[in-house]
Amino acid sequence: MSFVSAVPESVSSLSAAGVTTPRRRRITPPLSPREIEVLLAWIASDSKTEVCQKLYISPGTVNTHLVRIRDKYERAGRPAPTKAALMARALQDGYLDLDEI
């Protein structure tokens, strides 16, 4: 039995007709201007130490901002546990443009 034949005909005909299921609306968590600044500096840097030097803040402050940013995304139902995931969220939410990477 192939997977194609296992799909009910009614579902196949909807897809063929161009009918799609509605997408869920993406919730953008409210990041403060400083959180956005730290997020973008971290994405552009190779390390948190570079962020500290660039923004004149301590490593603890960088970590606190990143924890709060991740928590806000988690509460919005859009977890971002890694730097790559945070970069994806920044792109999705318009904080970062592909040309800036």
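The accessible surface of the chain, computed by the Shrake-Rupley method with a 1.4 Å probe, comes to about 7,300 Å², of which 57% belongs to carbon and sulfur atoms. The model is a predicted one, in which local features need pLDDT of at least 70 and side-chain atom pairs count only at pLDDT 80 or more, while totals for chains, interfaces and linings use all residues. Residues are numbered from 1 along each chain as its sequence is written, and side-chain values use heavy atoms, with hydrogens and water left out.

Of the 101 residues in the chain, 29% are buried, a term that means under 20% relative accessible area, whereas exposed means over 50% and partly exposed lies in between (1.4 Å probe, protein chains only). The secondary structure consists of six helices and zero strands, where helices (H or I, at least four residues) and strands (E, at least two) are DSSP runs numbered from the N terminus.

Helix H4, which spans residues 48-55, has Val51, Cys52 and Leu55 as its buried residues. Viewed down the axis of H4, these buried residues fall within an arc of 100°, so they line one face of the helix; the arc is that of the directions from the helix axis to the C-beta atoms. Gln53 and Lys54, by contrast, are exposed on the other side of H4. The cover over the buried residues of H4 includes helix H3 (33-44) and helix H5 (59-75). Just after H4, Tyr56 adopts a positive phi of about 55°.

Key:
Contact means heavy atoms within 4.5 Å.
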